[in-house]
Amino acid sequence: MKKILVALLALAMVFTLVSCNKSSSSKVLVGVSMPTQSLQRWNQDGSNMVSQLKSAGYDSILQYANNDVTTQVQQIENMITKGCKILVIAAIDGSSMTDVLATAAKNNVKVIAYDRLIMQTPNVDYYATFDNYKVGQLQGKYIVDQLKLDSASGPFNIEIFAGSPDDNNAKFFFNGAMDVLKPYISSGKLVIKSGQKDFNVVAITSWTSATAQSRMDNLITANYANGTKLDAILSPNDSIAIGIVASLQSHNYGTADKPYPILTGQDCDKPNVKAVLAGQQSMSIFKDTRKLASETVTMITAMEKAQTPETNDSKTYNNGVKVVPTELLTPVFVDKSNYKSILIDSGYYKLSDIQ
Ligand code: BGC
């Protein structure tokens with residue numbers, strides 16, 4: 001009898017061990033592919049995704065691709081090979097994922113486009129992002145309000161920058177801002193001295209600060225060297241604003257005679273919030289990456305339960321093959337007047353991060 005009991009107990013232990021093992025190794029694996037570690041926002045996106053996936057009971061692989069398309073495609077291939085069931089991708093070049101996502105589909109791997117839409121493929125299931133057109137509108141409206149374009153007589157001088165042409169978001173930011181600014185440009189209240197206002201002319205490939213800096217250098221030399229005042233600059237994001245500020249500094253802006261122009265941005269990266277507090281950049285757009293991550297994890301959980309994730313936009317984001325169901329979050333602007341309540345009180349930053 002005793003022998004049988006011992007044998008039964010041993011069997012039970014083996015069984016428990018096996019089932020424990022099974023439950024820990026049967027966690028769904030999610031691959032998170034981010035474009036670059038060189039911008040603060042993507043580091044935050046990546047770590048938010050990993051920690052929130054963990055809390056929701058998923059395993060994850062996080063990789064950054066150094067803004068190199070080939071690297072990103074290879075990393076995603078690897079994630080598929082390693083058994084990821086879901087991929088969360090912020091694409092470097094939205095149109096370069098077609099082949100690798102065909103492989104994903106063959107392996108029944110689901111795909112969520114994260115922040116940036118993945119173009120030219122049927123194999124993207126959902127898109128989680130901020131309202132990109134609204135980002136541009138907020139930037140345009142900020143310039144209108146700060147220059148008091150509806151009451152001041154003007155004219156005011158402005159220069160325009162746009163983001164990277166391979167990023168579908170860039171046109172949305174540009175169109176949102178230009179739709180607000182165009183009436184003032186048409187009426188002559190806003191003047192673009194350089195005459196450069198077409199997306200392809202003002203776009204900064206890869207959102208690179210150094211490229212923005214040299215374009216700004218050229219704009220100043222050609223149009224503002226003789227004391228002509230530059231009143232505002234539309235910058236689509238913070239990395240481009242960094243380059244613009246560097247150029248303005250090297251041309252001695254920031255004095256009573258030559259004040260910094262109104263300058264927009266996006267992301268609320270720490271150096272840029274510091275620049276806002278120092279009066280070098282006027283505003284940035286805050287997109288709470290914690291919320292984007294939690295929205296994405298909510299989508300994943302719904303997909304895992306074979307439910308349809310909730311989305312709030314089913315018409316705007318056509319990737320060239322289909323309209324991708326999208327969850328749009330709301331961006332807000334941050335400047336000197338409201339940074340405390342938005343960035344500090346919400347726990348996003350500590351005061352010491354930005355001072
Ligand atoms: C993102 C921005 C970011 C830019 C450069 C865009 O796709 O939406 O938040 O500033 O890429 O990384």
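The charged end of Arg 41 sits over the ring of Trp 42, at 4.1 Å from its centre; a charge counts as over a ring if NZ of Lys or CZ of Arg is within 6 Å of the ring centre and within 35 degrees of the ring normal. Lys 258 likewise lies over the face of Tyr 253, 4.7 Å from the ring centre. The model is predicted: local features need pLDDT of at least 70, side-chain atom pairs count only at pLDDT 80 or more, and totals for chains, interfaces and linings use all residues. Residues are numbered from 1 along each chain as its sequence is written, and side-chain values use heavy atoms, with hydrogens and water left out.

**Aromatic pairs**
- There are 7 aromatic pairs, where rings of Phe, Tyr and Trp (its six-membered ring) pair if their centres lie within 6.5 Å, and planes under 30 degrees apart count as stacked, over 60 as edge-to-face and the rest as tilted.
- The ring centres of Phe 286 and Tyr 348 are 4.7 Å apart with planes at 80 degrees, so this pair is edge-to-face.
- Tyr 348 also forms an edge-to-face pair with Tyr 349, at 5.1 Å centre to centre and 65 degrees between the planes.
- Ring pairs join Tyr 127, Phe 172 and Tyr 317 into a cluster.

**Burial**
- Tyr 348 has a relative accessible area of 10% and is buried (under 20% relative accessible area; exposed is over 50%, partly exposed in between; 1.4 Å probe, protein chains only).
- Tyr 349 is buried at 3% relative accessibility.
- Phe 286 is buried, as is Tyr 348.
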